[in-house]
Amino acid sequence: MRSPMETSIQFWYFSNMTRSIRNRIETCNLFGEEGDFPDVVHCETITSRSLLHNWEFADHRHAHLHQFLLVEKGGGEARFENSRFALGPMRLINVPIGEVHGFSFLPGTDGWVVTLASEMLGDVLRRDEALDSALGEPRVIPATEPIRAAMVQIFAEFAGRDFARAQVLRGLCGMLVGLAARELVASAPTATSRKKPVLIEKFEQLVEVHIHDHWSVADYADALAVSPTHLTRL
């Protein structure tokens, strides 16, 4: 949800990936906040932030954050750029970096939100398992008990201040990322041909438009509202 990791800023979102603009989408960190989170990971409940916003989250995107939301009770709707998903108990929402999304939760809905900075995500990803591709698609999938258990462990460690806390959190987040990627692949419409990450599709469309403009990686990253490092990694 929203709270700026670079400060809440307005940017022009290219819905058809050209200079013609249709929508203004807010780029932020955690929904409704003005500062970075200085921790290894950010954890909060769905209820805690939803109560601040009357259970409604307007369409927005996070330039440098990847989020996993697990609905434990209640429901509502998750909106992505080109799709909508009904939410219910034990549903996991995968929100890739830079993806336009919004939520409408039923009052009383609860669950967990784990937010990873792009640098943290990069630290835990294995390059030889195509995890970027699996995690790059916005989806709502059934949450398994191992995923729920990983969320519970992350929240418990996040709340404490024990020795090696940061190391343990990185390990637990790596486990959550792997379990989520596994289920995203297993539940894909075609298990043998996963879609390209949405961000890569948008990048390729931008390249077609600006092939003769000599744009740098930084130019493309700026247009996509992600960091050059993350775009290069993808």
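Mentor: Gladly! Keep in mind that this is a predicted model. Let's begin with burial: Phe80 has a relative accessible area of 6%, which is under 20%, so Phe80 counts as buried.

Trainee: And is Phe85 buried, exposed or partly exposed?

Mentor: Phe85 has 24% relative accessibility, so this residue counts as partly exposed.

Trainee: How are the rings of Phe80 and Phe85 arranged?

Mentor: For a pair, look at the ring centres and then at the angle between the planes; an angle over 60 degrees counts as edge-to-face. The centres of Phe80 and Phe85 are 5.9 Å apart and their planes stand at 70°, so this pair is edge-to-face.

Trainee: How many aromatic pairs does a search of the whole structure find?

Mentor: The search gives 7 aromatic pairs. One of them joins Phe57 and Phe105, with 6.0 Å from centre to centre and 80° between the planes, again edge-to-face. This pair links distant parts of the chain: Phe57 belongs to strand β4 and Phe105 to strand β9, 48 residues apart. Both Phe57 and Phe105 are buried.

Trainee: Which residues form one aromatic cluster with Phe57?

Mentor: Phe103 and Phe105 form that cluster together with Phe57.

Trainee: Where is Ala63 found?

Mentor: Ala63 sits in the loop between β4 and β5. With a relative accessible area of 4%, Ala63 is buried. Now compare sequence with space: Ala63 and Val226 are 163 residues apart in sequence, yet their C-alpha atoms are 4.8 Å apart.

Note on methods:
Residues numbered from 1 in each chain as written. Predicted model: local features only at pLDDT ≥ 70, side-chain atom pairs only at ≥ 80, totals over all residues. Heavy atoms only, no water. Phe/Tyr/Trp six-rings, centres within 6.5 Å; stacked < 30°, edge-to-face > 60°. Helix = DSSP H or I, 4+ residues; strand = E, 2+ residues; numbered from the N terminus. Buried < 20%, exposed > 50% of the residue type's maximum accessible area, 1.4 Å probe, protein only.
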